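Here is a short briefing on one chain, grouped by topic. Please keep the sequence and the model open while reading.

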Amino acid sequence: SLDTSSSLALSASLDACVKPEDPYFNELTRILTTRSMQQARYFCSGTLSPSEYLHYGLASPIYTHFTSPIRRYADQVVHRLLAAIIHWEPVSSATLDAAAMTDLTDNLNLRHTMGQYAGRASIGLHTLIYFRNRQVEEDAYVIKVRDNGVVVLVPRYGVESIVYVCDSGEANPFTFDEKNETLRAPGCVLRTFDKVRVAISVDSTKPHRPKLELAIVRPLLPGRRVA
């Protein structure tokens with residue numbers, strides 16, 4: 001079990017969360033743990049209480065960026081403040097304007113989020129190009145269980161997608177146990193962290209909007225046939 005009493009305790013328990021027979025288990029646990037955390041955000045000092053400064057993931061009471069001023073504007077701002085503190089150059093009036101700095105940090109946070117979206121879209125596009133006109137089988141892990149399917153992650157390709165256990169309008173052969181995040185059917189059980197085998201291909205039935213399609217081939221799902 002994970003100890004969430006503090007960030008240091010969580011880090012130690014994550015280090016101990018291993019399965020000798022499955023080297024990827026620790027990495028998967030860290031991925032799912034990180035996703036449950038709130039994303040770090042820039043803010044102007046003085047606008048939040050000290051108790052909100054904590055960077056939980058890094059176990060640091062105060063944290064900021066300053067090591068990459070050539071690629072992050074936030075680092076530039078910090079460098080200017082440091083330069084003013086050591087009397088290297090005077091501080092600008094805009095830097096001392098809390099409202100202006102709050103607008104700036106809000107914009108930095110927005111641009112960072114948009115950059116992440118753009119990166120994911122680029123990966124999605126190139127993934128479609130890679131798998132076009134081919135079908136590949138690869139190991140995957142269940143990372144989320146829903147009533148009508150499971151979300152799987154394919155470590156080798158970084159692909160993540162939902163796999164439905166029944167088609168729209170069909171009777172679902174599985175029983176969903178929400179509390180234990182489990183799908184059960186005669187001869188088949190799907191749980192979070194389960195390792196499965198999936199077939200990866202591109203559905204091009206809509207040429208203007210192709211999509212990546214994953215299907216579980218092992219274990220064999222009730223009512224499904226492997227192509």
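Is Asp139 buried, exposed or partly exposed? Asp139 is partly exposed, with a relative accessible area of 26%. Buried means under 20% relative accessible area, exposed means over 50%, and partly exposed lies in between (1.4 Å probe, protein chains only).

This is a predicted model: local features need pLDDT of at least 70, side-chain atom pairs count only at pLDDT 80 or more, and totals for chains, interfaces and linings use all residues. Residues are numbered from 1 along each chain as its sequence is written, and side-chain values use heavy atoms, with hydrogens and water left out.

**Overall layout**

- The chain has four helices and eight strands. Helices (H or I, at least four residues) and strands (E, at least two) are DSSP runs, numbered from the N terminus.
- In sequence order the pattern reads α-α-α-α-β-β-β-β-β-β-β-β.
- The radius of gyration is 23 Å, well over the 17 Å that the globule rule gives for 227 residues, so the chain is more spread out than a compact globule. That radius is taken over C-alpha atoms, and the rule is 2.2 Å times the number of residues to the power 0.38.
- The C-alpha trace spans about 75 × 45 × 30 Å along its principal axes.
- Of the 227 residues, 30% count as buried.

**Strand 7 and its partners**

- Strand 7 covers residues 195-203. Seven of its nine residues are buried, so strand 7 is largely enclosed by the rest of the structure.
- Strand 1 (residues 136-145) runs antiparallel to strand 7, and six bridges join them. Two strands pair if DSSP finds at least two bridges between them.
- Glu137 sits opposite Ala199 of strand 7.
- Strand 8 (residues 211-218) also pairs with strand 7, antiparallel, over seven bridges. Asp203 has Lys211 in strand 8 as its bridge partner.

**The 4-5-6 sheet**

- Three strands make an open antiparallel sheet in the order 4-5-6.
- Strand 4 (175-177) and strand 6 (188-191) are at the edges with a single partner strand each, so one side of each has no neighbour in the sheet.
- Neighbouring strands here are turned by 15° against each other on average, direction ignored. Axes are lines fitted to C-alpha atoms, for helices over the stretch in contact, and angles run from 0 to 180 degrees between N-to-C directions.
- Strand 5 (residues 182-185) and strand 6 run antiparallel and are joined by four bridges. Arg184 has Val189 in strand 6 as its bridge partner.

**Salt bridges**

- The whole structure holds seven salt bridges. A salt bridge is a side-chain nitrogen of Lys or Arg within 4 Å of a carboxyl oxygen of Asp or Glu.
- Glu160 pairs with Arg35, with the closest N and O atoms 2.5 Å apart. Glu160 is in strand 3 (residues 159-164) and Arg35 in helix 2 (residues 24-35), so the pair ties together parts 125 residues apart in sequence. Glu160 is partly exposed at 38% relative accessible area, and Arg35 is partly exposed at 48%.
- Arg156 and Glu138 meet at 3.2 Å, N to O. Arg156 lies in the loop between strand 2 (149-154) and strand 3, and Glu138 in strand 1, 18 residues apart. Arg156 is exposed at 62%, whereas Glu138 is buried at 13%.
- Asp139 and Arg197 meet at 2.9 Å, N to O. Asp139 is in strand 1 and Arg197 in strand 7, so this pair ties together parts 58 residues apart in sequence.
- Glu137, Asp139, Lys195 and Arg197 are linked in a salt-bridge network.

**Backbone exceptions**

- Most residues other than glycine have a negative phi, and most peptide bonds are trans.
- His87 is not a glycine, yet has a positive phi of about 65°. His87 lies in the loop between helix 3 (73-85) and helix 4 (98-131) and is exposed at 73% relative accessible area.
- Phe193 also has a positive phi, about 85°, without being a glycine. Phe193 is in the loop between strand 6 and strand 7 and is partly exposed at 30%.
- Arg218 and Pro219 are joined by a cis peptide bond, with omega about 5°. Pro219 falls in the segment after strand 8.
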